[in-house]
There are 2 protein chains.
Amino acid sequence: MSSPSSSAALIAELQAEVASLRAALACSSPPPPSSSPPLPPPPLRAKIEAMSAEVVDSNPYSRLMALERMGLVKEYERIRDLSILIVGLGGVGSVAAEMLTRCGIGKLLLFDYDTVELANMNRLFFRPQQAGQTKTAAAKATLEGINPDVIFEEHTYNITETAHFDHFLDRLSHGSLTNTTPVDLVLSCVDNYAARTAINQACNELDTVWMESGVSEDAVSGHIQTLLPGRTACFECLPPLIVASGIDEKTLRREGVCAASLPTTMGIIAGFLVQNSLKYLLNFGNISYYLGYSALLDHFPREVLLPNPECGSSWCRKRQEEWKGLWKAKEGGREGGGQGGEEEQGVVHETNEWGIEVVSEGGGSEDDDDDAAAAAPGAAAAPAPGAAAVGGGGEEGKEGGKEELSLEDLAALLQSMQSL
Amino acid sequence: MSSPSSSAALIAELQAEVASLRAALACSSPPPPSSSPPLPPPPLRAKIEAMSAEVVDSNPYSRLMALERMGLVKEYERIRDLSILIVGLGGVGSVAAEMLTRCGIGKLLLFDYDTVELANMNRLFFRPQQAGQTKTAAAKATLEGINPDVIFEEHTYNITETAHFDHFLDRLSHGSLTNTTPVDLVLSCVDNYAARTAINQACNELDTVWMESGVSEDAVSGHIQTLLPGRTACFECLPPLIVASGIDEKTLRREGVCAASLPTTMGIIAGFLVQNSLKYLLNFGNISYYLGYSALLDHFPREVLLPNPECGSSWCRKRQEEWKGLWKAKEGGREGGGQGGEEEQGVVHETNEWGIEVVSEGGGSEDDDDDAAAAAPGAAAAPAPGAAAVGGGGEEGKEGGKEELSLEDLAALLQSMQSL
């Protein structure tokens, strides 16, 4: 039994400790919930209802809307209504997705079945802490953080598998912002022939415009290509060399052999691909039907690739029939026909053994560098498969040059496609 | 005065509260330190001692070392001994820094005095949550997360201010990995004439090779340029149009008027800049002395720009004397002279009123597109200031074309330099 005085001292001591503990508790943060999953980080900025051209530091669209004020693009904000489907989130596709996100595209549909590895860190976009995540999930998380105004769909499967192809077709034909109409453009950023063939088949059948990209296995060349069904060469317009030669693609890709890659080449090809997409969709400048890049020489061949009337794809032949006489490749803007722009007079060339021709977009003179580039290791700088042109068109006010691709060229081109 | 029993009850109550508060405090996290800065996040992967070519998913260098196995680069791992100084972390500089970081460069010295704004989000690299941070600090944090093997120096000041110029010179001449020898290369990624002039002055004096980059205010063209003191045109070899015309640069830059920019154009120019740097430093392919990009036409002029013997920079004239007869521009690799590679026979041209000439690197034929590009809004696709050539050299096996720049061209070029 304690004396009243000692009790009073103890009470004072305990009261002081209570006060001290309460103060300490007030300073500390609440305990983390023990079982619930971590909450997603809050959106980093509020969504922006309409693109503004206001020149303030807090406006992420001021530098884009300036394109409108400068007279380069008529209605830049139309980009918010557009939907683009990207197949492949490697060194080109992931950077293309980031560029489109930063440009404020309305919606991106991202397709990839792979996961992020540390071996991908020599290219832009993915970060070491994302290793092990699916590329689709990692990309979506990063891109939403960059621009919460963009709508993302992620699809983690291989489009070449029969079980998934119908779903892929559905997203292609109903992937718009309203989920009722087709996407506005498909970008192919894959590293193999099978996936390109699947995209080609879908786009020919659904009459969807797509753009193809590729980087060579030696990392020092690449290309982009615009495929307008029935107007420019499709991916099958080239008599399939693999089939013709009885080559198994898997033996060409040399499993286990590590292809080289560089963030520079892939970033440049992603830049060309998205620049071409913006020019096509927002209707400014001249799109490239085929644009190559040879890094060793800084050489950039540019061509128009016309379709092969004897293409193996019946849908391609059907689209060619539909467009017969209605379209010519041109320099002065978007494609002719629907847009009613200037048209060029086509020039009929003789066909070669394979029915393969390339209509040069350069000036009239032939440039030996073209051949050098095609024969060099950086072969992707020359036109990629899908490079068939029959009844090709010259250019307005120019004499269209003509180059025939040899079997060696085609083999080099094929090799150039194997890596991304 | 309290009774013993009520005292005992109060003591029990207080003791219970103390126990409860202690338990609550134990569950909560410690209060944040009030004054110390937040600790940096732990490195995301361990540092890697030596670059390995092993083909495993966990090797971030396998795709780069493959360049060696493929015979493109002799000793890729030499990149770890190299040090690059980057001035300007805008839409080009930040992406160039990321590319070099992912390539495994030994050391990067980053210079910028600006802070990240939401208005920068239409270009690659910075993220919304970094708004308000200095670009140097934000870049360093991001880049260290991507590749902890790279050493970073950040310098947050304006190199054009007299108070800082000596320190800038010191980092240029002692910025190597050992902090005793000069950096291996300087990259200019700035958006104004004053900063380029400061870099030019430092590099002429210290005999340091630098590469310059620029993107036009209308966002649809850009260029890169290699400046080898005494061998290629320096930034002052051009009779300074601003001085000659009495133009105040600030009036040209139109403060408050928002320049347009696109992640595509800036990513492409960053890609060209780093690709050229890799070719120069690792000795593969042919570097470009001047490479332009016109996005509207996908046109890529390429030139050799030789120095002006009457250059206003005395250091430039001194370097020209040192190199007299020892160096010729060439296509087949790095520059001649020190490397003992093939050399080209220079062709002496007459000088024009300004002493300005551009030696075309293209084939012998003249291409009208060049002029079109120079006159178009995307004027940066034509040579930038620093485009002076006297006693120009043709190319081996080719007839060097010659283009004279008009005052209109120069004005367009100047305008093209104003934005980054």
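Which residue does Asp298(B) form a salt bridge with, and how far apart are the closest N and O atoms? I find Lys279(A) as the partner, with the closest N and O atoms 3.4 Å apart. This pair crosses between chains: Asp298(B) sits in the loop between strand S7 (290-294) and strand S8 (302-304) of chain B, and Lys279(A) is in helix H9 (residues 263-282) of chain A. Both Asp298(B) and Lys279(A) are buried.

**Ground rules**

I note that this is a predicted model, where local features need pLDDT of at least 70 and side-chain atom pairs count only at pLDDT 80 or more, while totals for chains, interfaces and linings use all residues. Residues are numbered from 1 along each chain as its sequence is written, chains are lettered from A and ligands numbered from 1 in the order in which they are written, and side-chain values use heavy atoms, leaving out hydrogens and water.

My terms: a salt bridge is a side-chain nitrogen of Lys or Arg within 4 Å of a carboxyl oxygen of Asp or Glu. Buried is under 20% relative accessible area, exposed is over 50%, and partly exposed is in between (1.4 Å probe, protein chains only). Helices (H or I, at least four residues) and strands (E, at least two) are DSSP runs, numbered from the N terminus.

**Salt bridges**

I searched the whole structure and got 25 salt bridges over all chains. Asp207(A) forms one with Arg319(A), the closest N and O atoms being 4.0 Å apart. That pair links distant parts of the chain, 112 residues apart: Asp207(A) is in the loop between helix H6 (193-206) and strand S5 (210-215) of chain A, and Arg319(A) is in helix H10 (residues 314-323) of chain A.

Next I looked at Arg171(A), which forms a salt bridge with Asp170(A) at 3.1 Å between the closest N and O atoms. Arg171(A) is buried at 10% relative accessible area, and Asp170(A) is partly exposed at 29%.

**Cavities**

How many cavities of 30 Å³ or more does the structure hold? I get six. A cavity here is a set of points, on a 1 Å grid over the protein atoms alone, where a 1.4 Å probe fits but cannot get out; lining residues have an atom within 4 Å of a point. Grid points are joined across faces, edges and corners, and a volume is the space filled by probe spheres set on the points.

The largest cavity has about 90 Å³ of space. Its lining includes Glu98(A), Arg127(A), Glu98(B) and Arg127(B). Helix H3 (93-103) of chain A and helix H3 (93-102) of chain B each supply at least two lining residues.

**Two helices in chain A**

In helix H2 (residues 62-69) of chain A, the buried residues are Ser62(A), Leu64(A), Met65(A), Ala66(A) and Leu67(A). I see them pack against H3 of chain A (contact means heavy atoms within 4.5 Å). After H2(A) comes Gly71(A), with a positive phi near 85°.

Ser173(A) lies in helix H5 (residues 162-174) of chain A. Not counting residues up to four places away in sequence, Ser173(A) touches Thr180(A), Thr181(A), Pro182(A) and Leu206(A).

Methods: 1 Å grid on protein atoms, 1.4 Å probe; cavity = no way out; pocket = protein on both sides within 12 Å on 5 of 7 lines; lining within 4 Å.
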